[in-house]
Amino acid sequence: MAQDDVFKKIVSHCKEYGFVFPSSDIYDGLAAVYDYGQNGVELKNNIKQYWWQSMVLLHSNIVGIDAAIFMHPTVWKASGHVDAFNDPLIDNKDSKKRYRADNLIEDQIAKYDEKIDKEVAKAKKRFGDAFDEEKFRQTNPRVLEHVAKRDALHERYTKAMQGPDLAELKQIILDEGIVDPISGTKNWTDVRQFNLMFSTEMGSLSDATSKIYLRPETAQGIFVNFANIQRTTRRKLPFGVCQVGKAFRNEITPGNFTFRTREFEQMELEFFCEPGTDLDWFQYWRGFCINWLKSLGMKDEEMRARDHSPEELCFYSKGTTDIEFLFPFGWGELWGIADRTDYDLTQHQNVSGQDMTYFDPEKNEKYIPYVIEPSLGADRVVLAFLCSAYDEEVLDAEKNDVRTVMHFHPALAPVKIGVLPLSKKLNEGAEKVFAELSKKYNCEFDDRGNIGKRYRRQDEIGTPYCITYDFDSETDGAVTVRDRDTMEQERIKIEDLDAYFADKFTF
Ligand code: GAP
């Protein structure tokens, strides 16, 4: 099945089974804004809870906070967001559509790569086993021509982005003959900078002093509280501070369902350490994040760690790695791990005039700590686990019997156990089982329709276990437990269910 179709199916599955709904659906939705339904919120909460547990509870030197979304506007001046959190925008005068100029040029660079790959694929087909790809790439005139054009464009683009030089970005678009995909014309406006922060007014006065921003990252809530937290926890370096919360960005090109939205949630850790130890901690957190995703069932072939090239790095960063997931629409960033150096604390010290240094008792000296920041998008990781879990299993090709099943890690599954009485006459006994298990697990009671259909309904939301209470249960005090993935069934005494499930939903 084409990957586009797979993604469409996942999006419609999310709506059909209560994972994600378009926001304000009865008013035709609001572009790129989504609500989590009854199963989506459980999935998201499970992910956030596991993240918090892995970071805060399992690290004795990490604590958590919950800062307000509204912050003093000077925070964003000091952090650089007022002046530098911009995307270069260009409009097409015919289609009236707005684009990121950098994205248009990056797509053009990718087109040269596609042309090179096409030449290679053609030659491979022609020469078969005798084909020497490396030699072909180094000597074929057409390939060399595309490589030269791509490299020249890349160099020109990278230079234009430093600054950035907006006139040069437009000139590149014109020189490359880039057309609007909708109107097909080159009728472009000038390139302008567009700040991604949403702003609003606080209180009843709407003058410049009352303008405040919706935070574009949760990190700054941690930096401005650094001194408070250090003083009240009396932690020595290295130590970390976590936060989970909403962030807002007026993205020009949101899209791919919940992958890029204007309102989203972040799970961020700011790990403060002594300068000079930062690169070791960077490597530690890089490895930790990869293992965290694997522990929840993400497969090696679905993810990769992409280190930023020196040109890609933010001006304050010494190193950045993106952990990417292979979505049906291609590779996309899930988790950014950055060495932010002492940039943020230094900026806040300079602008606020407050002391942001740490006194190192071993060295008997004061310094501003360095920071390693693993920043994970909650909505993106939910989407990644939805895509990873979605499966259509052909049970009987002749009868066209296909089972749609969400293979979530049991700890992430929204509903852990489905309790299904074989007949409504058995509801009383089944309800007792449900009431007992509900004290510990999110369970669903379903007595509607035939048992096969009920199993399928639970598979569709990814419930790892179903319990069937049948007529024998009344006399033998046992139930049938069905495993979602293997579909195998076993008979378990009701009194043993607690012990049976004890280790089934752990991380
Ligand atoms: N404090 C660092 C920071 O905010 P970022 O790379 O801009 O860095 C971190 O964002 C993570 O937040 C990303 O890796 C992604 O998972 C998530 N994220 C960023 N923008 C997003 C958007 N518009 N929609 C959904 N998630 C987003």
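In what sense do strand β17 and strand β18 pair, and over how many bridges? Keep that in mind, everyone, and let's look at the structure together. One thing before we start: this is a predicted model.

So, the answer. Strand β17, residues 390–396, and strand β18, residues 401–406, pair in the antiparallel sense, over six bridges.

A quick reminder for anyone new to sheets: strands pair through backbone hydrogen bonds, and the pairing can be parallel or antiparallel.

Now to a sheet of seven strands. It is an open sheet, and the order across it is β3-β9-β10-β16-β13-β12-β11, with mixed pairing.

You can pick out Ile62, whose bridge partner in β9 is Gly240. Packed on this sheet is helix α11, residues 278–295, which touches β3, β10, β11, β12, β13 and β16. The direction of α11 makes about 150° with that of β13.

Leu237 and Pro238 are joined by a cis peptide bond, with omega about 0°. Pro238 is in the loop between α10, residues 226–233, and β9.

Next, the ligand. Around it are 19 residues, and the closest are Glu217, Arg249, Thr261, Glu268 and Glu333. Which strands of the structure each supply at least two residues of this shell? They are β10, β13 and β16. Of the shell, β13 gives the most, with five residues. By type, the shell divides into five nonpolar, five polar and nine charged residues.

A polar side-chain atom of Glu333 is 2.6 Å from an oxygen atom of the ligand. With Thr261, a backbone N or O atom lies 2.8 Å from a ligand nitrogen atom. Arg380 also has a polar side-chain atom 3.5 Å from a nitrogen atom of the ligand. On its own the ligand has 550 Å² of accessible area, and the protein covers 88% of that.

There is also an open sheet of three strands, in the order β5-β4-β6, with antiparallel pairing. At its edges are β5, residues 98–100, and β6, residues 192–195; each has a single partner strand, so one side of each has no neighbour in the sheet. On average, neighbouring strands here are turned by 45° against each other, direction ignored. Strand β4, residues 86–91, pairs with β6 over four bridges, and Pro88 has Gln193 as its bridge partner in β6. Lying across β4 and β5 is helix α5, residues 101–127, which runs at about 65° to β5.

One last stop. Ala32 is not a glycine, yet it has a positive phi of about 60°. You'll find Ala32 in the loop between β1, residues 20–22, and β2, residues 34–36.

Note on methods
Residues numbered from 1 in each chain as written. Predicted model: local features only at pLDDT ≥ 70, side-chain atom pairs only at ≥ 80, totals over all residues. Heavy atoms only, no water. Pairing = 2+ DSSP bridges. Contact = heavy atoms within 4.5 Å. Axes fitted to C-alpha atoms, helices over the stretch in contact; angles between N-to-C directions. Near = heavy atom within 4 Å. Polar contact = N/O pair within 3.5 Å; in protein donor to acceptor, adjacent residues only side chain to side chain. Areas by Shrake-Rupley, 256 points an atom, 1.4 Å probe, with all protein chains shown as cover. Nonpolar A, V, L, I, M, F, W, Y, C, P; charged D, E, K, R; others polar.
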